[in-house]
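Reader: I have the model open and would like to go through its packing with you. Could we begin with the interior?

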Amino acid sequence: MSEPTTICFHPSPLGLLRLEESEAGVTALEFAGDGEATEPKGKYLPELCRQLDEYFAGARRAFDVPLDPAGTDFQKKVWNALLEIPYGETRSYGDIAARVGRPGAARAVGGANGANRICIVIPCHRVIAADGGLGGYSSGLERKRALLALERGEMK
């Protein structure tokens with residue numbers, strides 16, 4: 001990951017989003033808490049904001065902006081596996097552990113999910129517990145429920 005070069009804040013139905021980019025791609029997309037929206041500038045952020053608006057409107061199912069996440073090799077393997085989960089579907093932490101060649105490492109997958117700084121685009125909200133429970137979500141379970149409901153067509 002390169003150093004962030006541009007930061008902006010973008011509104012969403014679930015709260016203000018803080019977006020960062022480097023010369024290589026998006027480095028962060030996180031819920032921001034308090035603050036005000038700012039004009040997206042830079043190489044990737046204007047397009048990411050457009051795609052986020054389409055996603056929340058139900059008109060986009062996948063993102064195609066370059067990503068530049070910072071993490072360990074294991075975390076990056078997990079995040080790449082998350083990118084393969086189809087829109088509107090979920091996988092268990094154990095499913096992802098098996099997918100990355102580490103069966104039995106469901107807890108480590110949970111840790112990698114929690115370290116994901118590019119939420120929504122790298123869809124960690126699509127990972128649930130083996131028993132069908134939501135598991136955790138660093139941005140709050142209400143947001144996880146809302147993102148899953150959006151993808152099931154239950155939120156407009």
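Reader: Which residues is Ile120 in contact with, leaving aside its neighbours within four places in sequence?

Author: This is a predicted model. In it, Ile120 is in contact with Leu17, Leu29, Phe31, Leu52, Tyr55, Phe56, Phe63, His125 and Leu147, leaving aside neighbours within four places in sequence.

Reader: Which residues touch the most other members of the largest nonpolar core?

Author: Those are Leu29, Leu48 and Ile120, in a core of 43 residues. Two or more residues come from each of strands S2 (17-21) and S3 (26-31), and likewise from helices H1 (45-56), H2 (73-83), H3 (93-99), H4 (106-115) and H5 (141-151).

Reader: Which element gives the most to this core?

Author: H1 does, with six residues. As a general point, nonpolar side chains in soluble globular proteins tend to be buried together.

Reader: Turning to H2, which of its residues are buried?

Author: Phe74, Gln75, Val78, Trp79, Ala81 and Leu82 are the buried residues of H2. They lie on the same side of H2, because the arc they cover around the axis is only 155 degrees.

Reader: What do the buried residues of H2 pack against?

Author: They pack against H3, H4 and strand S5 (127-128).

Reader: And which exposed residues does the face turned away from the buried side of H2 carry?

Author: That face carries Asp73 and Lys77.

Reader: What about Asn113: does Asn113 count as buried or exposed?

Author: Asn113, in helix H4, counts as buried because its relative accessibility is 7%, and the cut-off for buried is under 20%. Beyond four places in sequence, Asn113 is in contact with Val78, Trp79 and Leu82, as well as with Tyr93, Cys124 and Val127. Val78, Trp79 and Leu82 are among the buried residues of H2.

Reader: A change of topic: how much space lies in the largest pocket?

Author: About 150 Å³. Of its 14 lining residues, Arg61, Ala62, Phe63, Leu83 and Val121 are the closest to the centre. By class, the lining has 11 nonpolar and three charged residues, with no polar ones.

Reader: Finally, where is Phe9 placed, and which residues does Phe9 touch?

Author: Phe9 is in strand S1 (residues 6-10). Not counting residues up to four places away in sequence, Phe9 touches Leu16, Leu17, Arg18, Ala32, Glu36, Ala37 and Thr38. With a relative accessible area of 24%, Phe9 is partly exposed.

Reader: How far apart are the C-alpha atoms of Phe9 and Arg91?

Author: They are separated by 30 Å, and the two residues are 82 residues apart along the chain.

How values were computed:
Residues are numbered from 1 along each chain as its sequence is written. This is a predicted model: local features need pLDDT of at least 70, side-chain atom pairs count only at pLDDT 80 or more; totals for chains, interfaces and linings use all residues. Side-chain values use heavy atoms; hydrogens and water are left out. Helices (H or I, at least four residues) and strands (E, at least two) are DSSP runs, numbered from the N terminus. Buried means under 20% relative accessible area, exposed over 50%, partly exposed in between (1.4 Å probe, protein chains only). Contact means heavy atoms within 4.5 Å. A nonpolar core is a set of buried Ala, Val, Leu, Ile, Met, Phe, Trp, Tyr and Cys residues joined through side-chain atoms within 4.5 Å. On a 1 Å grid over the protein atoms alone, a cavity is a set of points where a 1.4 Å probe fits but cannot get out, and a pocket is an open set with protein on both sides within 12 Å along at least five of seven lines; lining residues have an atom within 4 Å of a point. Grid points are joined across faces, edges and corners, and a volume is the space filled by probe spheres set on the points. Ala, Val, Leu, Ile, Met, Phe, Trp, Tyr, Cys and Pro count as nonpolar, Asp, Glu, Lys and Arg as charged, and the others, Gly among them, as polar. The arc is that of the directions from the helix axis to the C-beta atoms.
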